[in-house]
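Here's a quick walk through one model, starting with a single chain and moving on to how the chains meet. Have the structure open while you read.

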Amino acid sequence: MANVLLSAKGIKIRFGGVVAADGIDLDVLQGENLAIIGPNGAGKTTFLNISTGYLRPQAGSITFLGQEITAQLPRTITKLGIARAFQIPQLFLDQTVMENMLIAAASRLGNPSGFTALSALPERPEMERLLDLVGVKLYASRKARELPEGQRKLVDIALALALQPRLLLMDEPTSGVASAEKLEIMDILTSALAKEKVTSVFVEHDMDMVERYAHRVAVWNVGKIQKVGTPAEVLADPKVREQVIGI
Amino acid sequence: MNSTLAILAILDGISYAALVFLVSVGLSLIFGVLRVVNVAHGSLYAFGAYLGATFSLAIAPISPWLTYPALLAASIVIGVVCGGFIERFLLRPLSGQEDVLQLLITFAAFMIMDNLQRLIWGVQPIFAAEPLRLLPNVAVFGVSYTSYQVILLPGVALATLFGLRYFLRRTLSGAVILAVTEDREASAAIGIDAKRVYFVTFVIGASLAALGGALASPTTSLVPGMGADMIVLSFAVAATAGLGQIEGTALTALMIGLTRAFVIYLQPEFEVLVPYLLMVLVLLVRPFGLFGAMQVRKI
Amino acid sequence: MSGRIKPVTTIAVIFFLVSAVGPLLVSSWATLFALILAKGIVVLGIILLLQAGQVSFGHAMFFATGAYTAAFWGKYVGGGDIVLFIALGGITSAVFGLIVGLFVVRYREIFFGMLNLAFSMVLWSLLEKMFHYTNGADGIRVPRPALLGLSFTPETFQYVILYVSLLIAVVAFYGVQRYLDSPLGHMLRAIKSNETRLEYLGTSARRVLLIGYVISAFLGGIGGTLVAIIQQIATPEFGFWTKSGEFVFIAILGGSAHAFGGFAGAAMFECVRFYAAAHLADTWQLILGVVLIVIILYAPNGLIGLRQRYGQAKQGGH
């Protein structure tokens, strides 16, 4: 019986006239890859924002490993073990890719030094391995600003992985990545996640990716969860096909 | 504190507030539209005062009543010439660059103007009190005060306040300025020349500072350093009110003027402290100022 | 890093050597270089905050705190020692920096700048008007303190304070560079590029900024103490907004990308002031104003930026 890692109950939020969440109940089980699909504006990113403390819901609560995280700060939630990769890559553009990673490592360790050099951190080989994992090792000494969008996306994911999270939230992980490489990257990523026992939730628009890599799928529509099930169940559902996938 | 002193303090406060308002509102307007903190604003005030005094002293022997248009003329000359120069040659080349560079270039302008002021007018105090002396005293609740300070100055301040309101909200030019402030790209798309708007706004703001200085010159002796003192004071008033807030600046100037006047009579060592302590307290609680809007920039 | 020495480091070493040796040849340079070094130390603090993308327009308050600490000791306790003054100046400024910092690090950009300005003007107004304690606008004289028990003649003292300033400047320069290379230094820079991401990595941006702020306050205070000893006076003007502006001016003039920028800018600033005051009577402000305008319009990365651009061109550019 899988444990529940993250549990959202009754989440509600509205921005002016727009209802972004209208009573969201969702359990994320340990060890799974849960895909979140739905049309644009359905509230998927809002859910990620609420789960990571960027937004405070107007009703409802979220617990992580049994602990209430509903109105906590992003950095507190990060320390508890939830890491986030963003739809538009969020990097420290003026610093090199390796420096970005080492900042994440230093942050994970806590108590950052003001004297020893960042580049001398013992976590450096581990960061190199992570960059290699997502395929951007060659860019390690380039400034993040110089990287094309697809590579920035991968660094963004590596940055989240550097935190050694229990739960990884990814917002469209392969958007911006060349389609020839999507499969390879998701293969590597999901096997690495399985090996490190990291649970993942990923927002995805590519149904191919959903079919191949998700254990379960949650369908978002107008602030509500329309359906939760295996990819086969969900993608065969006629209402989902019509409203979400557009077939 | 008896009632005579209290009335005196109120009148002091009102006349002081009127001058500070003129300078602060120009600074606020410039920030609201151009998003620039004009450090040279204090120098424009000082130049307005010195040139106003020069004109006034020159014309007084011919006809003392001409000193009033002389003061106005001085403000316009400084506003257009100095203000125009600063906007066109110092700020415009930097448009689109970091805010701090624009601020620093106005700081450089302040340094230059401060030096020029000493070279042109020297360091000895200058007195040009004719415009003040010309007008009679009035009795306000039994207290005698110069009508220049208690009628003319607040009168000009109120005229400026309502004039600006009318200009910005009721005229086409005002609407154009508000449009550029609100959304520069959209206004460019409908054919508004933002460069001209910035220039005109800066000149208006600069002229108001110079007017404040020119009108202040009959009331005090002009000394080096008056510009440096005024810029930080007017900034404190404008920031406390909320940069870009016109009516708010008037109320804040009045509040600070009155508080300062009372403090001078009761506990003079704290006179200079008042505006800055207030600024700290307000900004800690409301960083956008007492009247500042959180979202939309308003002027 | 490889064994390649950066050109800026070379210039820095040359500068420090000139500061040590030059005044032995030209005695009027002793006070000049002491001032350059002392101000360079203060500007190190400004540059630190600039890495986080924040400009403090109130650093004069720490400068004044350091200066008046020495002055008050001289006035109320008597005697005094350079080492004691510097230690006290640094500590009081750091404590003051912690208190103010706890408030100001919650703000960014213009609000950060304005709040710092406001705090510094509050301090200035107290220094200016609390005549009974501070002697008002005339300031408080700081008689020459001893150094570890030894007293010196005026002629020798100017060299003593020069070499003390040089020692502190070199240590501070090295310390700030190591800080900027460290995890905390990188996190400070991360605040400028993507503060949200830093928070999402689990680090408190406010805490990182506060640490940087306290260090910059400490540096500002030490610089202030040194200047008070060099000029033998502490006046309220040390805490006036124009002094804060001067420090930011020097940072931009020298170039805020590298720790040496503070010393480069201070050198140019003080040399112009020194020589213009001697030969062109009361036009140094005008000249410096024009220089700053030229730098801002044509070389916004400051003097250091000019050097780096020239250096890159020589190497064939990118």
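Predicted model: local features only at pLDDT ≥ 70, side-chain atom pairs only at ≥ 80, totals over all residues.

| Feature of chain A | Value |
|---|---|
| Secondary structure | nine helices and ten strands |
| Span of the C-alpha trace along its principal axes | about 55 × 40 × 40 Å |
| Buried residues | 46% of the 247 residues |

What about contacts inside the chain? Taking those in chain A between residues at least 6 apart in sequence, 66% link residues at least 24 apart.

Now for the chains together. Which pair has the most contacts? Two pairs of chains touch, and chains B and C make the most contacts. Chains A and B, on the other hand, don't touch, and 15 Å separates their nearest C-alpha atoms.

Chain A does meet chain C, in a contact that takes 25 residues from chain A and 20 residues from chain C. On the chain C side, the elements giving two or more residues are helix H7 (154–181) and helix H8 (183–200). H8(C) gives the most there, with twelve residues. By type, that side of chain C splits into seven nonpolar, eight polar and five charged residues.

How values were computed: Residues numbered from 1 in each chain as written. Chains lettered and ligands numbered in written order. Contact = placed C-beta atoms within 7 Å. Helix = DSSP H or I, 4+ residues; strand = E, 2+ residues; numbered from the N terminus. Nonpolar A, V, L, I, M, F, W, Y, C, P; charged D, E, K, R; others polar. Buried ≥ 20, exposed ≤ 12 C-beta atoms within 10 Å, placed from the backbone.
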